[in-house]
Amino acid sequence: MNEAKRNECMLDPLVVLFVRDQSIYKVMGLDCYDRQRDARTFAGHGPVIAHPPCRTWGALRHRVPKRPAEHALGPWAVEQVRRCGGVLEHPKSSTLFEHCGCGSTGDVGFVLTVDQYHWGHRAAKPTRLYVVGCEPADVPAMPHREGEPTHCITQGHGVRIGHPRFKSRVPQWEREATPPAFAAWLVELARRCSKHNAEVSHGVSPLAPLSGSGPFPAPKNKSHKMRK
């Protein structure tokens with residue numbers, strides 16, 4: 001067996017954390033952690049795709065009751081991506097990235113900004129991705145979809161029926177769901193992070209302690225936006 005094949009065999013399978021009960025990742029036959037399985041029981045070595053709960057981190061976080069246990073899942077998911085390699089997905093407005101220093105100077109990963117509309121979502125859904133285990137040049141090609149979204153996630157201030165910018169809101173399940181094409185793209189991206197997994201499986205972890213006060217410093221981010 002050649003060295004490349006031996007390294008491939010040493011890799012752990014791709015794992016998806018925090019999936020919906022009716023998840024596209026399950027249809028794809030991936031190893032998934034939903035509410036019943038509890039992502040916090042994951043103890044593998046990845047690479048991982050993480051979709052931690054976002055309501056206590058997002059733009060409407062001030063309207064959400066305090067949920068310390070749920071809130072703590074965000075930093076925990078960041079730790080898994082740093083430990084195993086892979087990608088974490090959260091809304092563009094999420095404060096999780098700054099809180100954990102994702103993509104900051106000296107961090108092991110980088111941040112991408114994308115819009116799920118280009119992968120088939122009916123609404124514009126700006127999203128940030130935290131990627132560990134590959135370089136920006138390794139990111140798979142991103143699609144570009146012409147036209148305008150036919151629906152929205154939330155209505156703009158003062159926009160009502162009859163307003164030129166009015167669009168129907170997508171239902172809650174669609175707001176939370178991952179478009180199949182985007183899920184497939186995230187899988188490809190996470191698999192390209194497997195070289196990080198190979199380093200871990202050899203007992204050489206590329207994760208170095210971050211400088212600053214506390215485990216998750218938040219200096220200036222180094223974000224890479226998707227080209228239109």
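Ala183 is buried, with a relative accessible area of 0%; buried means under 20% relative accessible area, exposed over 50%, and partly exposed in between, with a 1.4 Å probe and protein chains only. The model is predicted, so local features need pLDDT of at least 70 and side-chain atom pairs count only at pLDDT 80 or more, while totals for chains, interfaces and linings use all residues. Residues are numbered from 1 along each chain as its sequence is written, and side-chain values use heavy atoms, with hydrogens and water left out.

Ala183 belongs to helix 7. Helices (H or I, at least four residues) and strands (E, at least two) are DSSP runs, numbered from the N terminus. Helix 7 covers residues 180-192, which makes 13 residues, and its first and last C-alpha atoms are 19 Å apart, close to the 18 Å expected at 1.5 Å a residue. The expected span is 1.5 Å times one less than the number of residues in the helix. Besides Ala183, the buried residues of helix 7 are Phe182, Trp185, Leu186, Val187, Leu189 and Ala190. An α-helix has 3.6 residues a turn, so residues three or four places apart point the same way.

Helix 4 can be treated in the same manner. At 1.5 Å a residue, the twelve residues of helix 4 (residues 73-84) should span 16 Å, and the end C-alpha atoms are 16 Å apart, which agrees. Ten of the twelve residues are buried, so that helix 4 is mostly covered. Among them are Leu73, Trp76, Val78 and Val81, and also Gln80 and Arg82. Cys84 is buried too, with a relative accessible area of 0%. Gly85 follows helix 4 and has a positive phi, near 85°.

For Cys134, the nearest cysteine sulfur is that of Cys193, 3.7 Å away, and Cys134 is in no disulfide. Cys134 counts as buried at 6% relative accessibility.

Next come the loops. Most residues other than glycine have a negative phi, and most peptide bonds are trans. Phe18 has a positive phi of about 65° although it is not a glycine. Phe18 lies in the loop between strand 1 and helix 2, and is buried at a relative accessible area of 17%. The loop between strand 1 (15-17) and helix 2 also holds Asp21, which is partly exposed at 29%. The C-alpha atoms of Asp21 and Cys32 are separated by 9.8 Å, with the two residues eleven apart along the chain.

The loop between strand 2 (31-33) and strand 3 (48-50) contains Asp38. Phi of Asp38 is near 70°, a positive value in a residue other than glycine, and Asp38 counts as partly exposed at 24% relative accessibility. Asp34 is placed in the loop between strand 2 and strand 3, but is buried, with a relative accessible area of 14%. The side chain of Asp34 makes a polar contact with the side chain of Lys26 (2.6 Å). A polar contact is a pair of N or O atoms within 3.5 Å; within protein, one must be able to donate a hydrogen and the other to accept it, and residues adjacent in sequence count only if both atoms are side-chain atoms. A polar atom of the Asp34 side chain also lies 3.2 Å from the backbone nitrogen of Gln36.

The side chain of His151 makes a polar contact with that of Thr150, at 2.7 Å. His151 counts as buried at 18% relative accessibility.

The last topic is the largest pocket, with a volume of about 1700 Å³. Of the 50 residues that line the largest pocket, Pro52, Pro53, Cys54, Arg175 and Glu176 are the closest to its centre. On a 1 Å grid over the protein atoms alone, a pocket is an open set of points with protein on both sides within 12 Å along at least five of seven lines, whereas in a cavity a 1.4 Å probe fits but cannot get out; lining residues have an atom within 4 Å of a point. Helix 6 gives the largest share of the lining, five residues. The lining divides into 22 nonpolar, twelve polar and 16 charged residues.

Definitions and conventions:
Grid points are joined across faces, edges and corners, and a volume is the space filled by probe spheres set on the points. Ala, Val, Leu, Ile, Met, Phe, Trp, Tyr, Cys and Pro count as nonpolar, Asp, Glu, Lys and Arg as charged, and the others, Gly among them, as polar. A disulfide is a pair of cysteine sulfur atoms within 2.5 Å.
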